[in-house]
Amino acid sequence: GIMFSTFGTVYRTNFNFDQSQTASVYDILEYDNNIVACGEFNRINGLPVRGIAQWDGVKWDSLGSGLSGSFVNGPPILYPHQMVLFNGDLIVCGNFTKAGGQTVNGIARWDGAQWHPIGAGFNSTVYGIGVFNGQLYAGGDFTASGDTELSCIARWNGAEWESPGFGFAYSGSGAYAFIHTIKP
């Protein structure tokens, strides 16, 4: 049979005790022969990390200085939500505004050594990313990337985020439009 074992415990220390202390792991994947996990956590075992970490088979390590910040119009918590591999790099999306100290606005690229923005990023949380026909797509509750208007979904054209030719919106009052997951 299959045997599972624990190789780390994630923690979320919140200095505001009126807010959640519960840690969450949102996504796990293999990258560069390591296991990478992302989510609402700032420590694994005793190691301080910022929302994302990698397991090399022996120990956990951070990916640079990790992720930080949150969108003004979103919850005041850091939560990287989903990861995907694209052109050999690790792409992560979520409710964060910085990666490795650089402004990335909800989506960032890790090249194995450092973090990079992907265009202007977005004006709100990116919940899902995926690769379809060799192109990177992002979905969330965003309405723009820089000056480009969008409707919760975007495609990376190699230079900037663009509309894939369709979008999502609700016209009823009280409705909240967003894309949660992209699965090609």
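Author: Buried means under 20% relative accessible area, exposed means over 50%, and partly exposed lies in between (1.4 Å probe, protein chains only). This is a predicted model, where local features need pLDDT of at least 70 and side-chain atom pairs count only at pLDDT 80 or more, while totals for chains, interfaces and linings use all residues. Residues are numbered from 1 along each chain as its sequence is written, and side-chain values use heavy atoms, leaving out hydrogens and water.

Reader: Is C93 buried or exposed?
Author: Happy to take that one. The relative accessibility of C93 is 0%. Therefore C93 counts as buried.

Reader: How many disulfides are there?
Author: A disulfide is a pair of cysteine sulfur atoms within 2.5 Å. By this rule, the count is zero disulfides. For C38, which is in no disulfide, the nearest cysteine sulfur is that of C93, and the distance is 7.7 Å. So much for bonds: the count is zero.

Reader: Which residue in β19 is the bridge partner of G139?
Author: Strands are DSSP runs of E, at least two residues, numbered from the N terminus. Strands pair if DSSP finds at least two bridges between them, and β16 (residues 135-140) pairs with β19 in the antiparallel sense over three bridges. From β19 (residues 153-156), I153 and R155 point one way, A154 and W156 the other way, and all are buried. The partner of G139 is I153.

Reader: Which residue in the turn between β19 and β20 has a positive phi?
Author: β19 pairs with β20 (residues 161-162) in the antiparallel sense over two bridges, and W156 has W161 as its bridge partner. The two strands form a hairpin with four residues between them. The positive phi, about 100°, belongs to G158.
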